[in-house]
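Have a go at each task before you read its solution.

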Amino acid sequence: MALSKERLLKLYEDMFLIRRFEEEVEVYAKNGTIPGFVHLSIGQEAAQAGIIDCLRKTDYKFPDHRGHGAIALCGTDKKRVMAEIFAKATGINGGRGGSMHVHDLEVRNMGFNGIQGSTVVTCLGTAFASQYRGTDDVTVVFLGDGTLGEGTCHESLNMAATWKLPIIYCLLNNQYAISTHYTEAHPQQQLSTWAKGYEVPSETVDGNDVEAVVEATERAIERARKGEGPTFIEFMTYRWQGHFAGDPAAYRPDDEVKEWIENRDPIKLLKEKLISREGCSEEELQKIEAKANEEIAEMVKFCLESPDPVAEDALKNVYADREVEDR
Amino acid sequence: MSRIISYGKAINEALHQEMERDDSVFILGEDVAKMGGDFGITQGIWHRWPHRAKDTALSEQAIIGLANGAAICGLRPVPEIMFADFITCCYDQLVNNAAKLNFMYNGKAHCPITVRTVQGAGIRCAYHHSQNVEAWLMNVPGLVIVMPTTPYEAKGLLISSIRNNNPVVFLEHKLLYNTKGEVPEEPYTIDLYKAEIEREGKDITIVATQTALKLAHEAAAIMEKEGVSVEIIDPRTIMPLDKETIINSVAKTGRLIIAHEGPKFGGFGAEISAIISEHVWEYLRAPIMRVTSLDVPVAFAPVMEDYVLPKTEHVVKACREVMEY
Ligand SMILES: Cc1ncc(C[n+]2csc(CCOP(=O)(O)OP(=O)(O)O)c2C)c(N)n1
Ligand SMILES: [Mg+2]
């Protein structure tokens, strides 16, 4: 069933916004303003925005390391998500976590863990808590094609399937784990078949078609809310940039990158659909884009003007009930 | 012939030369083959020996498990774990298999694996990509823990590790990859079980590892101006440890400072301190001091990360305190 025009317009706004978000992060990462390294999600907006759009605030969300976009859309104050990546005191975690560790419990964004495969088992616990307390909140966990190699993924699927835990495993198959193509790391041609051994319903969808993303995610959520257990969805997509901002990604064929950018850009595809099927005008979409651009400019300004954290705060919150000794 | 190369290049060269010398040596790990490693350390190996360089899935447990099994069959695997923080994902294979294999088979089989991994803070990557892990492994008899600091050590110690019949965890430090120094072109070994006295002195002994060695040298230069002579020891291999060199030094100077980048509690420094108390406490003229990180996870923001790490001024302060005691 096709999504309504209003919903598609909202998704267009979200996707455009997170693309712009990442473009700015890339600029400031490359010029050294943002410390450390960042994994950009440009090219994966349909999956990120589509999945998050299906969720309630009380659903548990475990983004992955390439998750700025999804994180920004969870309902958090977006500028504080960006400020965290900028290592500022105004960041959602006060600058202690950075790009890979943007958590916001208020909106049940449980954050990523720098150890791949780790959240794939932590998410069992949030799903268990929902089941235990009899709520119908679901848990969504994002993972990459490479991460599927971790043993935790097997343990998680096995337990979730056996106990019928309300988890939606969202595998964003962008086809590479750093330099390694997924077909060199796994025997399956489609990674959704991987879940069959655990008798977990699974499917592969076009992760760059936001309608397909939403439809598959909603089917899975409905099952989970009804207590029918986990679903495993493979979203086929592509990251335009290298593994991290600055990675030249010499391991990918140029024509492959070109094909995905020119012909499978999720934002362009949605725009075409909005115009041809929904009768939107260019101006209408440009207005949305202008608004997003304005919002992004404000966020960047906020980040650049925000103070650095206080150094001594590095000692805070190591223990729940006591301070750590300073020198 | 010697020339100046980087620590990273020295490791790469050692790998090439051992692959060349012994066809039972092979490498495996995430992105180590075609791309040549996340930090570029295994570059060129796959091009020369495509069947002896394997890219794996993200599967640390399988990487070390495979290495252990292959080692029993007489191969010499050199697996890479991309960041030392991820050894938690293969901890069982390291602790309950590799470390005990020689013992379990009663010496009839060995475990000649060399697990290369990179540790340490300083690149603004927060608490899951910045840890120093030697203390996680020090309580596991059967492991050899090597911590090279200079390019010369990196090459010689890696060659020795690969030829050694024990499971070696070879802890590289990411901030050292680009540091340069003299390295002979030809293959050479360094005694794995011998500490190095890097600087001779008579008033204070500083035992330091990796990035803390630089702090120790800077502090020694400052103390020299104050008329204090500092001896600096690089243990190179921290387990099994060359206790004798450290004990002899402290018996001479009567003062000991241990400096390392990892947290203080339960760290390498605690062990050295205990060894000295057991053996030569009567020679001590001042309490033993430790200069380390604070006992907290490493935060992301540069001001916070810098705050928790040990600095030269902390070593200088410790030197003055032991002299004034
Ligand atoms: C346990 C563990 N192993 C390795 C890494 C290093 N690492 C971070 S991301 C990554 C590749 C992940 O690939 P994939 O899951 O496909 O996600 P993508 O980067 O493509 O979004 C690797 C190897 C890690 N962070 N944790
Ligand atoms: Mg991937």
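**Exercise 1. Find the polar contacts of ligand 1 and how much of it the protein buries.**

Step 1: start at A:Tyr176, where a polar backbone atom sits 2.7 Å from an oxygen atom of ligand 1; a polar contact is a pair of N or O atoms within 3.5 Å. Step 2: go to A:Gly146, which has a polar backbone atom 2.8 Å from a ligand 1 oxygen atom. Step 3: at A:His65, a polar side-chain atom is 2.7 Å from an oxygen atom of ligand 1. Step 4: ligand 1 exposes 590 Å² when taken alone, and the protein buries 98% of that (Shrake-Rupley, 1.4 Å probe).

A word on the ground rules: this is a predicted model, with local features needing pLDDT of at least 70 and side-chain atom pairs pLDDT 80 or more, while totals for chains, interfaces and linings use all residues. Residues are numbered from 1 along each chain as written, chains are lettered from A and ligands numbered from 1 in written order, and side-chain values use heavy atoms, leaving out hydrogens and water.

**Exercise 2. Work out where ligand 1 lies and what surrounds it.**

Step 1: Step 2: count 22 residues around ligand 1 (a heavy atom within 4 Å), with B:Glu60 and A:Arg66 among the closest.

**Exercise 3. Which residues does A:Met110 contact, leaving aside neighbours within four places in sequence?**

Step 1: look in the loop between H4 and H5 of chain A. Step 2: list the contacts (heavy atoms within 4.5 Å), including A:Tyr60, A:Phe62 and A:Thr126. Step 3: check A:Phe62, 48 residues away in sequence but 5.3 Å away C-alpha to C-alpha.

Methods: Polar contact = N/O pair within 3.5 Å; in protein donor to acceptor, adjacent residues only side chain to side chain. Helix = DSSP H or I, 4+ residues; strand = E, 2+ residues; numbered from the N terminus.
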